[in-house]
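Please examine the fold and the side-chain arrangement of the protein shown here. The account that follows is meant to be read alongside the model.

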Amino acid sequence: MERFIELDAVSVRRGGWRIYSRDATTWCVVWQKLRTLGCLCRTTTTTHHPLATSCPQSSLSLDFLFVYTFLLPIPEIGFLAMPVVQKLYNACKESFSVVGPVSEEALGKVRSILDDMKPSNVGLEQEAQLARGWTGAMHGTNGKKVRNGSHQYPPTIKYLHLHECDRFSIGIFCMPPSSIIPLHNHPGMTVLSKLLYGTLHVKSYDWLDLPGTADLSQARPAKLVRDCEMSAPCGTTILYPTKGGNIHCFKAITPCALFDVLSPPYSSEEGRHCSYFRKSPRRDLPGIDQLCGIKPSEVVWLEEIPPPENFVVRRGQYKGPVIRL
């Protein structure tokens with residue numbers, strides 16, 4: 001596998017490339033690679049070279065130790081590019097603490113990288129092509145009994161694990177058509193989700209904290225946040241501990257893949273246990289529209305249930321670029 005390196009800056013100069021780095025190891029990798037490509041290269045050592053001077057698109061002013069000037073265009077400049085998934089990991093390391101995002105600005109940095117994430121960035125281009133050409137109909141019975149009395153379960157979902165630590169986790173759910181991720185929550189967690197390919201239906205809720213509902217041990221009122229279809233390509237969605245649709249479920253309409261970043265990750269020891277829910281018999285709240293401006297039709301009562309036995313997730317093999325920790 002090709003070794004990649006993180007560069008401080010790259011600019012076009014006199015028909016070639018000028019690259020800036022603070023690291024001597026980077027210099028060795030660049031030099032050896034470009035020699036094999038037959039490129040003429042001149043290396044300059046400097047103690048002060050402001051980025052703003054040579055890279056007008058940046059407002060930074062930094063000192064560099066090594067400046068590479070390639071006198072001919074580089075035919076394989078792509079080998080220098082850092083994989084998008086590595087950029088995402090690096091951003092997550094800077095942006096998340098053990099209690100979640102360090103700031104909205106930091107969260108926005110992670111979101112912007114996820115917005116640009118493509119199936120090819122994580123080894124799923126072939127699956128994405130199959131999804132784009134998919135013309136099948138919905139199938140499956142969602143765990144209901146069929147004619148012979150047995151149960152037919154929804155198709156099995158694959159989970160591709162990329163990384164997990166005490167601050168965040170990164171993974172991909174690959175969902176076949178008609179597969180379902182049942183209604184579940186993310187207690188005290190911020191979740192970024194990016195649909196890489198395909199189409200799915202999402203329904204999400206947030207809890208309603210209203211007078212007279214705190215002592216309900218078996219059901220709680222929740223407001224509908226989203227009930228719609230999503231198709232790739234689309235932007236990254238974010239849910240927060242108390243808003244944005246913290247309780248949600250998905251149903252795949254076509255083959256699809258959902259890239260998730262959770263901060264902090266699930267942890268039973270830390271009180272972040274994944275709970276599952278279902279709708280309980282409808283109980284209207286008198287005066288709900290006056291209390292919080294929500295239509296009664298947008299309020300449901302949810303009760304916790306054991307993990308559904310027809311919800312099966314198996315570990316799949318991640319085939320994308322390896323993340324350097």
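Predicted model: local features only at pLDDT ≥ 70, side-chain atom pairs only at ≥ 80, totals over all residues.

Residues are numbered from 1 along each chain as its sequence is written, and side-chain values use heavy atoms, with hydrogens and water left out.

The protein comprises six helices and 18 strands; helices (H or I, at least four residues) and strands (E, at least two) are DSSP runs numbered from the N terminus. Of its 325 residues, 45% are buried, where buried means under 20% relative accessible area, exposed over 50% and partly exposed in between (1.4 Å probe, protein chains only). Contact means heavy atoms within 4.5 Å. Among contacts between residues at least 6 apart in sequence, 75% join residues at least 24 apart.

The largest pocket holds about 510 Å³ of space. It is lined by 22 residues, of which Y159, F173, L262, Y266 and C274 are the closest to its centre. A pocket, on a 1 Å grid over the protein atoms alone, is an open set of points where a 1.4 Å probe fits, with protein on both sides within 12 Å along at least five of seven lines; lining residues have an atom within 4 Å of a point. Grid points are joined across faces, edges and corners, and the volume is the space filled by probe spheres set on the points. Strands β7 (157-164), β8 (169-175), β9 (180-184), β14 (247-252), β15 (256-263) and β18 (313-315) each supply at least two lining residues, and β8 gives the most, with four. The lining has 13 nonpolar, six polar and three charged residues; Ala, Val, Leu, Ile, Met, Phe, Trp, Tyr, Cys and Pro count as nonpolar, Asp, Glu, Lys and Arg as charged, and the others, Gly among them, as polar.

The structure holds five aromatic pairs. Rings of Phe, Tyr and Trp (its six-membered ring) pair if their centres lie within 6.5 Å, with planes under 30 degrees apart counted as stacked, over 60 as edge-to-face and the rest as tilted. The rings of Y159 and F173 have centres 4.8 Å apart and planes at 50°, so this pair is tilted. Because Y159 lies in strand β7 and F173 in strand β8, the pair ties together parts that are 14 residues apart in sequence. Both Y159 and F173 are buried.

For W207 and F277, the ring centres are 5.4 Å apart and the planes stand at 75°, so the pair is edge-to-face. This pair links distant parts of the chain, with W207 in strand β11 (residues 199-207) and F277 in strand β16, 70 residues apart. W207 is partly exposed at 23% relative accessibility, whereas F277 is buried at 9%. The charged end of R220 sits over the ring of W207, 4.2 Å from its centre; the criterion is NZ of Lys or CZ of Arg within 6 Å of the ring centre and within 35 degrees of the ring normal.

Y89, F96 and F168 form one aromatic cluster. F168 is also in contact with K93, as is R167, when neighbours of K93 within four places in sequence are left aside. K93 belongs to helix α3 (residues 84-95) and is partly exposed at 36% relative accessibility.

S280, in the loop between β16 (276-279) and α6 (288-292), is buried at 10% relative accessibility. Not counting residues up to four places away in sequence, S280 touches A219, W301, L302 and E303.
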